[in-house]
Amino acid sequence: MADVLCIGGTGTVGRRVVEGLVARGMSVRCLTRSADGNAAGGEGVKFVRGDLEQPDTLGPAFEGVSRMHLLTALHPREARLGIGAVDAAAEAGVERIVFHSAHRAHAAPHIPHFASKMEILAALKASGVPWATIEPNHYFQNDLWLRRSLEGGVYPAPLGGVGLHRVDVRDIADATVNALLDDGHEGIRHPVIGPELLKGADVVRTWSEHLDREVEYVGDDLDAWDARAGRHLPDWLVRDLRVMSAHFLSDGLIATEEDFATMSHVLGHAPRVFEDFVRETVAAWRGGDA
C-alpha cells in the first residue's frame with residue numbers, strides 16, 4: 001500500500017493516529033505549512049509542505065498517497081478548507097478518505113463547528129472517493145488543559161446535567177486506524193463514544209476522588225466561561241464554543257444503542273473508561289510529567 005497522508009496529524013488526536021499507522025507498518029506523511037521539503041518526523045513519518053488555505057500547494061503532498069485522514073480543526077472557514085482537501089484528494093486519485101467529524105453533528109447544525117463537518121461530509125459523498133467517518137464525542141483529554149484549575153479545586157468546562165458519552169482519544173485513534181487500513185468500513189459513519197453517560201457532577205466526583213481534594217463544578221455559568229476564554233481565544237472561537245457549550249448544557253451529547261453497535265465494528269475492543277483515564281493522569285502529574 002502507498003503512503004497515508006494525515007491532515008491534522010500533529011494534534012491531540014492526529015499524532016496518535018500517526019503512531020497507530022506506523023505501528024501497523026505504514027509510511028505516513030503529515031501535512032504542515034512549515035516543513036521544508038520532506039522533513040523527517042521519526043521512523044515511518046515525513047512532514048510534507050502544504051496549506052489548506054492555499055489549495056494550489058496541496059498537489060505534491062498527494063503524490064504516491066493511497067489514503068487520507070482528514071481532521072479539520074476549529075476555524076472560521078473550516079468547511080471551505082476541508083472541502084478543498086477533499087477536492088485535492090479526489091483529483092490525486094486517493095483510494096480512501098477517513099474524515100474526523102463529530103458525534104451527532106447532524107442533530108445540531110446551529111453549532112458552526114458541527115455545520116462545517118456536515119458540509120465537508122456532503123463534499124465527500126459527492127467526490128466519488130470511498131469514504132468513512134469517525135464521529136467522536138467530547139474527549140477525556142480535553143481535561144488535560146484544566147490541570148491548574150483542577151489542582152485549584154475547580155472544574156470550569158461546560159458539561160451540564162444532561163450528560164455526554166465522553167471518549168478517550170486513544171479509542172478515537174484506534175478506530176481511525178482501523179477505518180483507514182481495514183476492509184468493511186466504506187460509507188459508514190462511525191460514532192466513537194465512551195461507555196458511560198458523564199455529567200458535570202460525575203466528572204468532578206471522579207477527579208475529587210483521585211486528586212484527594214474536593215473539586216467544584218462551575219461549568220454551567222457560561223458568562224464566566226466567556227470571560228475566562230476571552231483572555232486567550234479569538235472572539236470568533238469564543239462565540240462558536242459558547243454555542244456548542246450551550247447545546248451540551250441543554251441537550252447533552254448522548255449515544256444510542258445503535259451507536260454502540262456501529263462503533264464495535266470499527267473499534268475492535270471495549271471503549272476505555274473515564275476513571276481509568278483520571279487515575280493514569282493523576283499518577284503522571286504526581287510523577288512529574290507535564
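Guide: Happy to. A polar contact here is a pair of N or O atoms within 3.5 Å; within protein, one atom must be able to donate a hydrogen and the other to accept it, and residues adjacent in sequence count only if both atoms are side-chain atoms. Before we use that, a word on the ground rules. What you see is a predicted model, in which local features need pLDDT of at least 70 and side-chain atom pairs count only at pLDDT 80 or more, while totals for chains, interfaces and linings use all residues. Residues are numbered from 1 along each chain as its sequence is written, and side-chain values use heavy atoms, with hydrogens and water left out.

Now to our first stop. The side chains of histidine 190 and histidine 185 make a polar contact at 3.4 Å. Histidine 190 sits in strand β9, which covers residues 189-192; strands (E, at least two residues) and helices (H or I, at least four) are DSSP runs numbered from the N terminus. With a relative accessible area of 0%, histidine 190 is buried. Buried means under 20% relative accessible area, exposed means over 50%, and partly exposed is in between, using a 1.4 Å probe and protein chains only. Setting aside its neighbours within four places in sequence, histidine 190 is in contact with Ala132, Thr133, Ile134, Glu135, His185, Thr262, His265 and Val266, where contact means heavy atoms within 4.5 Å.

Which residues of α10 are buried? They are Phe274, Phe277, Val278, Thr281, Val282 and Trp285. Looking down the axis of α10, you would find these buried residues within an arc of 125°, so they line one face of the helix; the arc is that of the directions from the helix axis to the C-beta atoms. Ala283 and Arg286, on the other side of α10, are exposed. The buried residues pack against α4 (147-151) and α6 (200-211). After α10 comes glycine 288, with a positive phi near 100°.

Rings of Phe, Tyr and Trp (its six-membered ring) pair if their centres lie within 6.5 Å; planes under 30 degrees apart count as stacked, over 60 as edge-to-face and the rest as tilted. The structure holds 7 such pairs. One of them joins phenylalanine 140 and phenylalanine 274 edge-to-face, at 5.2 Å centre to centre with 70° between the planes. Phenylalanine 140 lies in the loop between β7 (131-136) and α4, while phenylalanine 274 belongs to α10, so the pair ties together parts that are 134 residues apart in sequence. Both of these phenylalanines are buried.

Another pair, tryptophan 207 with tryptophan 285, is stacked, at 5.5 Å centre to centre and 10° between the planes. This pair also links distant parts of the chain: tryptophan 207 is in α6 and tryptophan 285 in α10, 78 residues apart. Tryptophan 207 has a relative accessible area of 0% and is buried, and tryptophan 285, at 8%, counts as buried too. Phe140, Trp207, Phe274, Phe277 and Trp285 form one aromatic cluster.

Aspartate 212, in the loop between α6 and β10 (216-217), has a positive phi of about 60° although it is not a glycine. At 61% relative accessibility, aspartate 212 is exposed.

One last stop concerns the cysteines. Counting as a disulfide any pair of cysteine sulfur atoms within 2.5 Å, the total comes to 0. Cysteine 6 is in no disulfide, and its nearest cysteine sulfur, that of cysteine 30, is 5.3 Å away. Cysteine 30, likewise in no disulfide, has the sulfur of cysteine 6 as its nearest, 5.3 Å away. Cysteine 6 is buried at 0% relative accessible area, and cysteine 30 counts as buried at 2%.
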